[in-house]
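Please open the structure in a viewer and keep the sequence at hand.

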Amino acid sequence: MMKRAVSLFLFATCVAAHAAGGNTMQASGTFDITLTPQQDAQPWGRQRLEKVFHGPLDGVSQGEMLAVRTATKGSAGYVALEQVTATLDGRKGMFFLQHSGLMDKGTPTLTVNVVPDSGTGELQGLKGTMTINMEGGKHAYTFSYSLP
């Protein structure tokens with residue numbers, strides 16, 4: 001039940017975002033995700049996540065997510081860290097994403113930011129934000145970013 005609620009919460013959001021500094025670029029595509037519930041995190045839900053990104057952001061990620069539901073129907077929160085190893089518009093490297101999501105009586109908000117100074121390789125100096133949505137059972141992203 002927690003897995004379903006967290007999955008719906010995580011992917012039922014689409015929040016406008018913009019990248020800080022530099023010339024902002026935008027990459028949009030899809031991703032596949034595997035969520036694996038972890039048993040040792042009661043009373044929270046803890047899940048391992050693995051993604052495969054398709055499109056201008058082409059690569060894989062892995063991360064950890066903590067979530068909690070309240071006694072009020074439709075209210076919950078989650079945080080996650082995700083390590084992305086990918087090619088972004090032809091530039092190879094690695095970076096981290098930090099997720100922070102809330103559900104307030106069914107109204108979702110989500111921010112997904114590149115952790116400052118986490119970019120490596122050709123993605124050093126990467127700044128940006130990502131929106132995530134789910135339509136028709138498919139997961140999609142829009143990544144607004146800047147590089148030096």
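Begin with the entire chain: among contacts (heavy atoms within 4.5 Å) between residues at least 6 apart in sequence, 50% join residues at least 24 apart. The model is a predicted one, in which local features need pLDDT of at least 70, side-chain atom pairs count only at pLDDT 80 or more, and totals for chains, interfaces and linings use all residues. Residues are numbered from 1 along each chain as its sequence is written, and side-chain values use heavy atoms, with hydrogens and water left out.

Next, colour by secondary structure. The chain contains one helix and eight strands, in the order α-β-β-β-β-β-β-β-β; helices (H or I, at least four residues) and strands (E, at least two) are DSSP runs, numbered from the N terminus.

Now select Leu 57, Leu 88, Phe 95, Leu 126, Met 130 and Phe 143. Of the 27 residues in the largest nonpolar core, these touch the most other members. Such a core is a set of buried (under 20% relative accessible area, 1.4 Å probe, protein chains only) Ala, Val, Leu, Ile, Met, Phe, Trp, Tyr and Cys residues joined through side-chain atoms within 4.5 Å. Strand S4 (76-88) gives the most to this core, with five residues.

Note on methods:
Buried < 20%, exposed > 50% of the residue type's maximum accessible area, 1.4 Å probe, protein only.
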